[in-house]
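Trainee: I have a structure to go through and some time before the next run. Can we talk it over?
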Amino acid sequence: MKTNYYLVIDFEATCCDQGSVPREQMEIIEFGAVMVEARQFQVVSEFQRFVRPVRYPVLTSFCTELTSIQQHDVDSAPLFKDVAAQVKKWLYQYQGFVFCSWGDYDRKQFQQDCAFHRIPNPIGAPHINLKPLMSERFNLSKKLGLGQAIRHAGLEFAGTAHRGIDDARNIARLLPFLFDAGMR
């Protein structure tokens, strides 16, 4: 797919390992995005915002431990509709991008949150699920988690796992291995 930019997104959302936050009621609490120039795979811009959840405004201990996002981070954060407006303004400085994520969760979660908050999806771009692409490019029999993929590419994970911006940055580091045959 011909593109000028890769928009790499990773979300963190409300969650619980005890089932108290149903999957269909999870909400984004961190929006992490990296805009990568497609020719040289250089990061040209980043976007990170915490988002205040409304369905389950108090984070579970599981969620806090998993993401390292603290209650005060989301308590003082803007609402989803406001972050979506900021995202749209940031995104459309860049023409001709595709939306990439590690797996399909992020695309579906964003659609779910847009529907719940009754706003149009501001990311009007084609989506590429990079997880199966990694398996295809490297002839792997299974799909790798992000940490496994980073190691498979001979890299070290940078930052904190399950933090939206750090996961997005790490996914961006995999792009040359996925799209540029000369890098492999």
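Mentor: Start with a term. Buried means under 20% relative accessible area, exposed means over 50%, and partly exposed is in between. Also keep in mind that this is a predicted model.

Trainee: Fine. Is Asn-121 buried, exposed or partly exposed?
Mentor: Asn-121 counts as partly exposed, because its relative accessibility is 36%.

Trainee: Where does Asn-121 lie?
Mentor: In the loop between H4 and strand S5 (127–129).

Trainee: And what is Asn-121 in contact with, leaving aside neighbours within four places in sequence?
Mentor: Phe-110, Gln-111 and Cys-114. There is also Ala-84, 37 residues apart from Asn-121 along the chain, with 8.1 Å between the two C-alpha atoms.

Trainee: On to H4 itself. Which of its residues are buried?
Mentor: Asp-106, Gln-109, Phe-110, Asp-113 and Cys-114. Viewed down the axis of H4, the buried residues fall within an arc of 135°, so they line one face of the helix.

Trainee: Why would that spacing put residues on one side?
Mentor: An α-helix has 3.6 residues a turn, so residues three or four places apart point the same way.

Trainee: What do the buried residues of H4 pack against?
Mentor: They pack against S1, strand S2 (28–37), helix H3 (80–91) and strand S4 (97–101).

Trainee: Which other residues have a positive phi?
Mentor: Phe-41 is one of them, with phi near 60°, and Asn-139 is another, at about 55°. Neither is a glycine.

Trainee: Are those two buried or exposed?
Mentor: Phe-41, in the loop between S2 and strand S3 (42–50), counts as buried at 14% relative accessibility. Asn-139, in the loop between helix H5 (130–137) and H6, is exposed, with a relative accessible area of 75%.

Trainee: Change of topic. How much space lies in the largest pocket?
Mentor: About 410 Å³. The lining has 21 residues, and Asp-10, Phe-11, Glu-12, His-162 and Asp-167 lie nearest the centre.

Trainee: Which element gives the most to that lining?
Mentor: S1, with 4 residues. The elements giving two or more residues include helix H4 (105–116) and helix H7 (164–179).

Trainee: How does the lining divide by residue type?
Mentor: Into 11 nonpolar, 4 polar and 6 charged residues.

Note on methods:
Residues are numbered from 1 along each chain as its sequence is written. This is a predicted model: local features need pLDDT of at least 70, side-chain atom pairs count only at pLDDT 80 or more; totals for chains, interfaces and linings use all residues. Side-chain values use heavy atoms; hydrogens and water are left out. On a 1 Å grid over the protein atoms alone, a cavity is a set of points where a 1.4 Å probe fits but cannot get out, and a pocket is an open set with protein on both sides within 12 Å along at least five of seven lines; lining residues have an atom within 4 Å of a point. Grid points are joined across faces, edges and corners, and a volume is the space filled by probe spheres set on the points. Ala, Val, Leu, Ile, Met, Phe, Trp, Tyr, Cys and Pro count as nonpolar, Asp, Glu, Lys and Arg as charged, and the others, Gly among them, as polar. Buried means under 20% relative accessible area, exposed over 50%, partly exposed in between (1.4 Å probe, protein chains only). The arc is that of the directions from the helix axis to the C-beta atoms. Contact means heavy atoms within 4.5 Å.
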